[in-house]
Amino acid sequence: MYDNLGGQAGVPRPPLNPQPTPFANASYGAGSGFLRAGLGVYGEKILGSSSEYVQSNISRYFSDPQYYFQVNDQYVRNKLKVVLFPFLHRGHWTRITEPVGGRLSYKPPVYDINAPDLYIPLMAFGTYVVLAGFLLGLSGKFSPEALSLQFTKGMVGWFLQVLLLKVSLYSLGSGEAPLLDIVAYAGYAFTGMCVAVLGRLMWSYSYYFMMPWTCLCMGVFLVKTMKRVLFAEVRSYDSSKHHYLLLFMALAQFPLFIWLCSVGA
Amino acid sequence: MAKEFTVPPVVFPSGGNPGTGLQQRRLPTAPFQPPRSANLPFMSFDVGSATASSSFSAPVFGGNTVGIGGTGFEEELPLLEELGINTRQIWRKTVSIMNPFRVNANLHEDSDLSGPFLFLMAFGLFQLLAGKLHFGILLGWVTVAALFLYVVFNMLAGRNGNLDLYRCLSLLGYCMFPMVILSAFSLFIPQGGMGIFIVTAIFVLWSTRVCTRLLVELASCGDEHRGLIAYACFLIYMLFSLLVIF
């Protein structure tokens, strides 16, 4: 009797064990696969659409900011020479182009001395603020509020410079230059301002020599650069109108420099 | 004569006032009785409240002592550890910054903002001793400087830029330590002389060197832009030195 009962109890146990296991495996596998597929599809859709939307907007308003920071020490040194001594620039002022994806695009700054960058303008602006702080301090008018005011004044000056270049290019029939190009060209003005303020720090009378000199250099640099920009954009060249507007652009540097370099006044 | 006699009877009605006086005598007896009756419930209330307070206080004290003693003190974490401030790590990082020629970059892999905050408060305190109130300005300028350095570094590094703003703020704050020392020294150096400028130049170069080295070593690819990053750091620490000098 007992032996028979043991045998009967032993027999149904093996078939019971494998039954839930394949069900669990099947359900888990199916669920995970389905979920993974769904997430993948939706994720790709969402990410794809958002990235496309963001890229389209960015490309509409700005060119790639990364392009303007592809610089090295050699480029920075050479570019500073070109900006501060434009008369000594023996090479041409045309930017180098290369075919990329069936469309002409410019080479990055690290390969082309004439390409604009944003590193030098940013550093020049920072140096301008620090030198203005030193000038305020040496004249006994330093306070964090005065320095913040000088910072704001510099930002306004940069904005006015961008506005001047943009309006000039528009009036000359060329509105296709990217905004960051104009911002970079406008920012190079701070390089000359730093030299003028530094001269004022060293010897106050040298300010009256450095100021006109840096204004003239910046004017020449802008004229040559804008002429290349215009030539690249506008094939028809109305020489008289272009010359007058370029001259106006150069002459506008003088009041702007005088206003921005009058620190603590 | 007869008319003169009629005037005194008019005075007699005023003599009726004692009658009203009698009424007044009756009135004061009435208000005395209610306070007497009220006194008893007042006393009974006081006795009741006294007993209630005594009964409430004993179990409350007992419960509090038992609860606090049992669970709180034995298992409670130290306050600094609970807040996430690692004082030992802060000390080690500070000591590593002391040596401008060999900085241990591995210590700064874990970024934190407790050390920078301590340094900024110390900087502000030394400025306060010099008679300048710069606490808010320091915090604002450090934030703007961190944003500036973050933008410049990641743009220069290109696609491989892996420096996040938290780490940038942490490194910038830790490298403010030479600035704190400069702020302390400036209390004893005369303001108008050339000495303060020389000392300032030494400490600014120290901060710049340490910060540049840490940035280049912690972020994977910054070697080819070392000089450019160094200039950005130099500008930042020069700006903070202006607060000390003037």
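The model is predicted. Between the two chains, 24 residues of chain A are in contact with 25 residues of chain B.

**Area and polar links between the chains**

- Chain A and chain B bury about 2,000 Å² between them, and carbon and sulfur atoms give 76% of that area.
- On the side of chain A, the residues that lose the most area to chain B are A:Gln66, A:Met123 and A:Phe134, which together make up 25% of what that side buries.
- Polar contact between chain A and chain B comes to 2 residue pairs, with both residues at pLDDT 80 or more.

**What chain A supplies**

- Three helices of chain A, α4 (73-84), α5 (119-138) and α6 (144-171), each supply at least two residues of the side that touches chain B.
- The helix that gives the most to this side is α5(A), with 11 residues.
- By type, the residues of chain A on the side that touches chain B are 14 nonpolar, 7 polar and 3 charged.

**A:Asp112**

- A:Asp112 lies in the loop between β2 (103-106) and α5 of chain A.
- The relative accessible area of A:Asp112 is 2%, so this residue counts as buried, the cut-off being under 20%.
- Leaving aside residues up to four places away in sequence, A:Asp112 touches A:Tyr75, A:Thr94, A:Arg95, A:Ile96 and A:Lys107.

Definitions and conventions. Residues numbered from 1 in each chain as written. Chains lettered and ligands numbered in written order. Predicted model: local features only at pLDDT ≥ 70, side-chain atom pairs only at ≥ 80, totals over all residues. Heavy atoms only, no water. Contact = heavy atoms within 4.5 Å. Buried area = accessible area lost by both parts, 1.4 Å probe. Polar contact = N/O pair within 3.5 Å; in protein donor to acceptor, adjacent residues only side chain to side chain. Helix = DSSP H or I, 4+ residues; strand = E, 2+ residues; numbered from the N terminus. Nonpolar A, V, L, I, M, F, W, Y, C, P; charged D, E, K, R; others polar. Buried < 20%, exposed > 50% of the residue type's maximum accessible area, 1.4 Å probe, protein only.
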